[in-house]
Number of protein chains: 2
Amino acid sequence: MFLRTLREDPVDAEVMSHKLLVRAGYIRRAAPGVYSWLPLGLAVLTKIERIVREEMNAIGAQEVHFPALLPREPYEASGRWTEYGENLFRLKDRKDADYLLAPTHEEMFTLLVKDLYSSYKDLPVSLYQIQTKYRDEARPRAGLLRGREFIMKDSYSFDVSDEGLDASYEAHRQAYLRIFERLGLEVVPVFATAGAMGGSKSEEFLHPSEAGEDTFVRSAGGYAANVEAVATTVPEPIDFTDAPPCRVVDTPDTPTISSLVEFANAEFPQASRDWTAADTLKNVVLAVTSAEGERQIVVVGMPGNREADLKRIEANIGALLGFAGEPDVEAATDADFAKHPGLVRGYIGPGTSLDSPVLGEKSTTALPYFLDPRVVDGTTWITGANEARKHVIGLVAGRDFAADGYLECATVLAGDPAPDGSGPLEIARGMEMGHIFQLGRKYAEALGLKVLDENGKLVTVTMGSYGIGVSRALAAIAEQGHDEHGLIWPASLAPAQVHVVAAGKQAEILDGAAELAESLEQAGLEVLLDDRPKVSPGVKFGDTELLGMPVIVVVGRAFKDGRVEVKDRRSGERTEVELANVEQAVRQLLVG
Amino acid sequence: MFLRTLREDPVDAEVMSHKLLVRAGYIRRAAPGVYSWLPLGLAVLTKIERIVREEMNAIGAQEVHFPALLPREPYEASGRWTEYGENLFRLKDRKDADYLLAPTHEEMFTLLVKDLYSSYKDLPVSLYQIQTKYRDEARPRAGLLRGREFIMKDSYSFDVSDEGLDASYEAHRQAYLRIFERLGLEVVPVFATAGAMGGSKSEEFLHPSEAGEDTFVRSAGGYAANVEAVATTVPEPIDFTDAPPCRVVDTPDTPTISSLVEFANAEFPQASRDWTAADTLKNVVLAVTSAEGERQIVVVGMPGNREADLKRIEANIGALLGFAGEPDVEAATDADFAKHPGLVRGYIGPGTSLDSPVLGEKSTTALPYFLDPRVVDGTTWITGANEARKHVIGLVAGRDFAADGYLECATVLAGDPAPDGSGPLEIARGMEMGHIFQLGRKYAEALGLKVLDENGKLVTVTMGSYGIGVSRALAAIAEQGHDEHGLIWPASLAPAQVHVVAAGKQAEILDGAAELAESLEQAGLEVLLDDRPKVSPGVKFGDTELLGMPVIVVVGRAFKDGRVEVKDRRSGERTEVELANVEQAVRQLLVG
């Protein structure tokens, strides 16, 4: 066995799965975010791939295999050559033609089906591949969890009708749930945004884990969504006919929102209830950069008890600004502020298209101004007066200010209502294990995929796209199944089912272990044998725990009396077993 | 089945395997030299991979999987970042770091073993992968036979001693012969040069085929070599003490070698024998470009009955010029000649470092001058006099001229003696299916792979490298096994063993075919069913021949009487068989 276990964690490892997979000799780093698979890792990967393949075949999807090196033209036609921005690995061949390393293959599958099929009778069809993908991540991290070269199963469905797409989508959804169940990997399907992929309906399969990069919400009533996709529950507008006028006040000593709220309650109390942070309107200046590199400064307003959520903004602001794909969003820099002297930091008021008798012309910044959907007409706010050490109190939305549009821009908070009324949301972290999309007709239109329908009329095909991160799933399974000593694989995925250890240097022990290993192998079990003659039993035991085979058989002192120790890696339970009963004992632990 | 057969050959297809694999829907072109695998093609590929895997595992090689996207540094250390020249796909990541798409992985395997192993006790070890490789070929052609993205099995052996390397090399050699035998692919192992790979001993496994790009030679006595590797049989030097002096003669009417020979025999006959074309010394001016882009003009001299063989020159001239890797060699251009007015086209004499009373100072070109090894001392020649319409007759090698070195520069001709004395050579064409190399210590030295030997002394490891073109093997099998109607797969590699055709539109026929297909499948056979209701039997029969499953079962008119037709694709033989006996009939044809 080509294997060397390490005592030290790799210096760049942040999460346990990464540390353990490297230390146990499953994978090895070749470059940032690029890993080699050593024999043990490849064995687990192959078993995961087999399960994915079986479930894809079971829904009638057919396996194909596309190149990773692709020409620019189809991605130019769909717009993604540009939209992917720096995430795309681009290169030129010796004739100076543009190529890319494919991050996903919508365009190529669309063109393939266009090439081969011309009639509704050929549809529906679902095609898949298990293939190496590339993404030039800005921050590759956590080993296989976010790599730059990784293995994905991607599939694509092609239907004539929307109902057909619904059925193909649902078949994939069910197949994904079965795959994750067979992998023993807990996942929560959550509503998601489509991002650079385009299309309408979309769900992610998140594995709840503190090591995950995605934040999602769920309610006791069964709602679950990626935070990017959570739609704010919009309150009813309020009649503001009798609302008192607003006024600008001096607020020299209110450096924080809580001090501002305290000041307002002391000096300008409301009759109905106290002011809270949720009554302050926080205006945040952001720089939005499109995939083409266009940079736009915008101001977004939200209740002061929430923060600007850059991921939510990235997912939603593109459409408002007319940017294709998902832009980058960051806080405005000092240089940005310098170009817009009307923005008085700490005292930024709402931009407005309404006459504002109070804010006057100071309120007009000429920058796009977007509001959190909670800021409905008739709500009353405390906010900055666009002048240092002054605020406005009692500013009414729809009367004193308005916006260029509503934007899901604010953090989702635990306790917020689920959009479907199924109760308050709780917030959790997860890893994206799969993502399914109803692409609709975006790619088929861009690339001209039409077929003749029953009436001989050309109709544009509607598509779905479905991905599972295969190498990432392996890391997630390792992340979920380990203890402080090492990895713990489920029996169906472990590189071997039994780890036989020769605990001693005597020929009797070494030969006995080899014979036992061979007899277990002949009985149809997958066996890993540790017969290193010069390594101490202690080191070998440590390695059994690090490597994580589900059952460990120790051939030691009791062997001369015809007994060995059988150990369950997960529970740590050990039993002394007669040689004749070893196979049975192993099999019991494997099914348990 | 996602499949559409085509009636037209693809416009870019030159060889039958390419035409048929595309027309039969096995593969699809994505870019020049880059192909997608459709379901049928992927099925064959998977079966080939399984055979390769089994034989590699059988010699104890362990499977791993490396990235295709690799950092520049290791390839810089070995020199191949530059030596590969334009054949290497290079790219930069978002941080402007250099990467490449690996054409082969010597460096990475060397580093991996260096990283994990430190003692002679860990060796020998052989590792392999089946992986997607990249080469930016100048002229991708013939479909899968010479692609830019292709699938290779590459393996690497690591030994402490030369004897160990011999054993690892021989184990691979035998495994390769078994693999090709199981693939039903005729191969000839031939001696080869190491090329850009470096190292000493090397053999190619060539599949004899007119569609091949490699020329090789073989003798009846069992010698076989790539033409690049054929060593000329060097004659004994001749005593030239009594040789008559040479003389410059006017040759106004000798535009060709044969007219020159005729003129010489008429005007200056030799006592012993007639002059022949083999007695003329042809001097050819070539431009040699190193991988780094350095361009050097050289003159090479050879007997006039042979041509300059650029591939042989490329394989051998690098060492003479001190160029690393394999340079490009082409005929000198008009511009090159313009820079060297001493070179009189059509009348170029040998460059010389000897005093030449006849050629005088005109003979000195200051360009490197290399000679074919047949031009031994004492041989007598007719050659150009470095002056228009003048030749020298009776010029003696070693007396009147010499060279800067000997070079294997001339074509090998049928009938030339085998270097090992095993008889005259015949010349054939072949496709390179595999290549095995004794790399020796080149990579281990460049990358510092040393282990402690039995005496605790650090020794450099010696390596072998072994490749099989997996996707190319598929094309070669298709090229070998086809007729004018389509593909003919061996039973062990066909996407399915039986092709069941419903030859008719009647429900009875369609249902009958489906039931028969299912019963054959349940009997453990792999079945492809053509139950397209609106396609004529003639088109379906054509498709069975194009697709090439080994056995075809036709459910047609006789089905109502309980009989179907069973056809052998290769022989075309048809038999009417009772339904109860179909499975048996199919199995007989499969083993036959």
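In the predicted model, M1(A) is in contact with P39(A), L40(A), L528(A), Q62(B) and Y117(B), once its neighbours within four places in sequence are left aside. This residue belongs to the segment that precedes α1 (16-23) of chain A. The C-alpha atom of M1(A) is separated by 49 Å from that of A220(A), a residue 219 positions away along the chain.

The packing of helices was examined in chain A for the pair formed by helix α2 (residues 39-58) and helix α11 (residues 470-480), whose axes come within 10 Å and cross at roughly 110°. Because angles of 65 to 115 degrees count as roughly perpendicular, α2(A) and α11(A) are described as roughly perpendicular to each other, and the crossing of α2(A) and α11(A) is right-handed. On the side of α2(A), the residues that take part are G41(A), V44(A), L45(A), I48(A) and E49(A), and these meet V470(A), S471(A), L474(A) and I477(A) of α11(A). By class, the residues of this contact between α2(A) and α11(A) comprise six nonpolar, two polar and one charged.

In chain B, helix α2 (residues 39-58) and helix α11 (residues 470-480) pack with their axes 10 Å apart and at an angle of about 110°. The helices α2(B) and α11(B) are therefore roughly perpendicular to each other, and the crossing in which α2(B) passes α11(B) is right-handed. From α2(B), the contact involves G41(B), V44(B), L45(B), I48(B) and E49(B), while α11(B) provides V470(B), S471(B), L474(B) and I477(B). The residues in the contact of α2(B) with α11(B) are divided into six nonpolar, two polar and one charged.

Turning to charged side chains, a total of 78 salt bridges is counted over all chains. One of these pairs D154(B) with K133(B), for which the closest N and O atoms are 3.0 Å apart. With buried taken as under 20% relative accessible area, both D154(B) and K133(B) are buried. A salt bridge is also formed between the side chains of E137(B) and R146(B), with an N to O distance of 3.0 Å, and here too E137(B) and R146(B) are both buried.

A further salt bridge in chain B is that of R441(B) with D162(B), in which the closest N and O atoms are 3.0 Å apart. R441(B) is placed in the loop between β21 (425-440) and α10 (442-447) of chain B, whereas D162(B) is part of helix α6 (residues 162-182) of chain B, so that the pair ties together parts lying 279 residues apart in sequence. R441(B) counts as partly exposed because its relative accessibility is 27%, and D162(B), at 43% relative accessibility, likewise counts as partly exposed. In chain A, salt bridges that share partners join E54(A), E55(A), R178(A) and R182(A) into one network.

Terms used. Residues numbered from 1 in each chain as written. Chains lettered and ligands numbered in written order. Predicted model: local features only at pLDDT ≥ 70, side-chain atom pairs only at ≥ 80, totals over all residues. Heavy atoms only, no water. Axes fitted to C-alpha atoms, helices over the stretch in contact; angles between N-to-C directions. Helix = DSSP H or I, 4+ residues; strand = E, 2+ residues; numbered from the N terminus. Parallel < 35°, antiparallel > 145°, perpendicular 65-115°, else oblique. Left-handed = near helix turned anticlockwise from the far one by under 90°. Contact = heavy atoms within 4.5 Å. Nonpolar A, V, L, I, M, F, W, Y, C, P; charged D, E, K, R; others polar. Salt bridge = Lys/Arg side-chain N within 4 Å of Asp/Glu carboxyl O. Buried < 20%, exposed > 50% of the residue type's maximum accessible area, 1.4 Å probe, protein only.
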